[in-house]
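Here are a few notes to read with the structure open beside you.

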Amino acid sequence: MGQLDGRVAFITGGARGQGRAHALALAAEGADVVVADICADVAAINYPMASEDQLEETVKLIEEHGVRALGLRVDARDTEQVNGAVAQTIAEFGRLDILLANQGIVDFSTVETTTDESWATIIDTNLTGIFKAIRAVIPQMRKQEFGRIIATSSMGARATAPNLAHYIAAKWGVIGLVKTTALEVADFGVTVNAICPGAVGTDLFFNQPTYDIFCPDLPKPVTREQFEKRLDDLNYGLNGVRYLNAEDVSRTMLYLVLDRGLISGQVAEIGLLGPARSIY
Ligand SMILES: NC(=O)c1ccc[n+]([C@@H]2O[C@H](COP(=O)([O-])OP(=O)(O)OC[C@H]3O[C@@H](n4cnc5c(N)ncnc54)[C@H](O)[C@@H]3O)[C@@H](O)[C@H]2O)c1
């Protein structure tokens, strides 16, 4: 018997990385899980997004836990697609108990050199898309008088870092969104919290733009080995851990999901990022 038997979860950005790890953690506790992901590259973003194969693989891995799973191609920036996917989840599974509004992308530039396209793409994905997912699930959660909403912010929203104004602004914005929504839904059994991971070893961290920005003194393209050595040289991280595993974040996610309803409007920080030496 799992602690989430009979519950239904909906995860945006669920095809890989933290979204996949969260899906498997929920499935292991008995929840049915719908994973939604754009599964296509995003203009202005210089590293690949998840593929359809990764989405299918995630569905298979969820099903291995003996629960139901569904993979949907959804661009979280698109209201119709988000509302449609939530409606499909409720039609097929009968309810929707847990939302993990998790998709996110990164790009690097100083404020002075940030293009309108880069700014808009990051804000649309990392803030407006999170809002759209939260808005879409509230009517069903109100009807059920139960819901657990967790939005993925970042330790970047507990501090700041150069070259990331759009990312940081969006992630601080997620915290404001979460705290406001938490008050609005407090009377009908729904909690809303933010999780703020430090660096996590996913494709959002291990990609060419990140290697290059961390090592501006080295000839481009910087390799992953050079990047990891730089993390060592900077003594980056917490207790010798340079970056979290996605599963480390899933444990905090699960703690918030399983809470009986007394933790809401809160921000869970995972992994240290000193502002002086951080970029996320
Ligand atoms: N990896 C880190 O170091 C780190 C640190 C702090 C916070 N975060 C946040 O964690 C969350 C998950 O990222 P991750 O680390 O698993 O990286 P990831 O790149 O593996 O996962 C992000 C997922 O979001 C999907 N996605 C992107 N745009 C989308 C859209 N418009 N609609 C639907 N899906 C979309 C991608 O295809 C991908 O599957 C993000 O919000 C990210 O900002 C990551």
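1. Start with the backbone of Ala50: one of its polar atoms is 3.0 Å from an oxygen atom of the ligand. Bear in mind throughout that this is a predicted model.

2. Val200 also uses its backbone, with an N or O atom lying 2.8 Å from an oxygen atom of the ligand. With Lys171 look at the side chain instead, where a polar atom lies 2.9 Å from a ligand oxygen.

3. How much of the ligand's accessible area does the protein cover? The figure is 100% of the 820 Å² that the ligand has on its own. As for where the ligand sits, it is in the largest cavity.

4. Which elements give two or more residues to the shell around the ligand? Those are helix 1 (17-28) and helix 5 (165-184).

5. The shell holds 30 residues, and the ones that come nearest to the ligand are Arg16, Gln18, Asp37, Tyr167 and Thr202. By residue class, the shell divides into 12 nonpolar, 12 polar and six charged.

6. Is Asp75 buried or exposed? Its relative accessible area is 16%, so Asp75 counts as buried, the cut-off being under 20%. The Asp75 side chain also makes a polar contact of 2.9 Å with the side chain of Arg77.

Key
Residues numbered from 1 in each chain as written. Predicted model: local features only at pLDDT ≥ 70, side-chain atom pairs only at ≥ 80, totals over all residues. Heavy atoms only, no water. Near = heavy atom within 4 Å. Polar contact = N/O pair within 3.5 Å; in protein donor to acceptor, adjacent residues only side chain to side chain. Areas by Shrake-Rupley, 256 points an atom, 1.4 Å probe, with all protein chains shown as cover. 1 Å grid on protein atoms, 1.4 Å probe; cavity = no way out; pocket = protein on both sides within 12 Å on 5 of 7 lines; lining within 4 Å. Sits in = over half its atoms within 2 Å of the grid points. Helix = DSSP H or I, 4+ residues; strand = E, 2+ residues; numbered from the N terminus. Nonpolar A, V, L, I, M, F, W, Y, C, P; charged D, E, K, R; others polar. Buried < 20%, exposed > 50% of the residue type's maximum accessible area, 1.4 Å probe, protein only.
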